[in-house]
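Open the model in your viewer and keep the sequence panel beside it. Each stop below says what to select and what is there.

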Amino acid sequence: MFKKKIEDICNRQVEREAYSSNLYLAMAIWAETNGLAGIAAWLYAQAEEEKMHMLKFIKYINERGGKAVIPALKKPVAEFKSVEDMFKEVLKHEEFVTASINEIVALTLDEKDFNTHNFLQWFVTEQVEEEASVKAILDKVRLVGKNNMYQFDRDILGLRTPPTATQAGA
Ligand SMILES: [Fe+2]
Ligand SMILES: [Fe+2]
């Protein structure tokens with residue numbers, strides 16, 4: 001049986017993954033309109049991944065006999081002081097999402113919902129990767145500094161970790 005409490009918190013995550021996708025789109029637009037095509041491409045790809053995360057939750061909720069809800073979303077920030085500042089925001093946001101996933105994991109244990117607990121493990125692993133990849137990018141941004149942004153923008157797509165196999169099909 002799919003408990004309402006679990007359904008609700010999974011729907012909260014639908015909203016958070018959808019917001020993540022929109023946030024990265026807003027960042028992609030900022031980068032693209034500031035001549036940073038490589039960074040924009042990285043962010044557009046990231047936005048697509050977040051949409052896949054949202055869909056995974058939607059399908060899971062419906063599969064368990066609940067009903068996913070498409071939420072209204074708040075408008076993401078659209079201006080950033082620098083590339084470094086923007087990636088700091090990405091990291092902060094991913095840490096927020098990690099905490100959010102962990103909260104759901106904790107609730108599934110309280111509620112003894114081991115199916116949802118199992119479903120969440122993919123996200124637990126994914127968040128470790130997301131945080132690590134953004135941290136690696138931030139390190140590089142700090143190393144190159146403002147003057148070498150042209151080169152960094154050209155190289156950033158090489159830093160992308162390919163999406164996990166289950167992502168596309170789920
Ligand atoms: Fe996500
Ligand atoms: Fe993410």
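Predicted model: local features only at pLDDT ≥ 70, side-chain atom pairs only at ≥ 80, totals over all residues.

Residues are numbered from 1 along each chain as its sequence is written, chains are lettered from A and ligands numbered from 1 in the order in which they are written, and side-chain values use heavy atoms, with hydrogens and water left out.

**Stop 1: the iron site**

Select the iron ion (ligand 1). Its donors are E17 (OE), E50 (OE) and H53 (ND1), at 2.1 Å. Donors here are N, O and S atoms within 2.8 Å of the metal (3.2 Å for Na, K and Ca); water is not among the atoms, so sites may look incomplete. Along the chain, the donors of this ion follow the spacing E-x32-E-x2-H. E17 sits in helix α1 (residues 4-32) and H53 in helix α2 (residues 37-63), so the pair ties together parts that are 36 residues apart in sequence. Helices are DSSP runs (H or I, at least four residues), numbered from the N terminus.

Are E17 and H53 buried or exposed? E17 is buried, at a relative accessible area of 0%. H53 is buried too, at 0% relative accessibility. The cut-offs are under 20% relative accessible area for buried, over 50% for exposed, and partly exposed in between (1.4 Å probe, protein chains only).

**Stop 2: α2 against α3**

Select α2 and helix α3 (residues 83-110). Their axes come within 14 Å and cross at roughly 15°. That makes the two helices roughly parallel. Angles under 35 degrees count as roughly parallel, over 145 as roughly antiparallel, 65 to 115 as roughly perpendicular and the rest as oblique. Axes are lines fitted to C-alpha atoms, for helices over the stretch in contact, and angles run from 0 to 180 degrees between N-to-C directions.

Show the side chains next. From α2, the contact uses I39, W42, L43, E50 and F57; from α3, it uses V83, M86, F87, E94, I101 and I104. Contact means heavy atoms within 4.5 Å.

**Stop 3: α3 against α4**

The axes come within 9 Å and cross at roughly 165°. α3 and α4 are therefore roughly antiparallel.

**Stop 4**

Select K112, in the loop between α3 and α4. It has a positive phi of about 55°, although it is not a glycine. K112 is exposed, at 60% relative accessibility.

Move to A68, in the loop between α2 and α3. A68 is buried, at 18% relative accessibility. Which residues does A68 touch, not counting residues up to four places away in sequence? They are N11, I58, I61 and N62. A68 and I58 are 10 residues apart in sequence and 5.2 Å apart in space, C-alpha to C-alpha.

End on Y60, in helix α2. Y60 is buried, with a relative accessible area of 7%. Leaving aside neighbours within four places in sequence, Y60 is in contact with F2, D113, N115, T116 and F119. Y60 and F114 are 54 residues apart in sequence and 14 Å apart in space, C-alpha to C-alpha.
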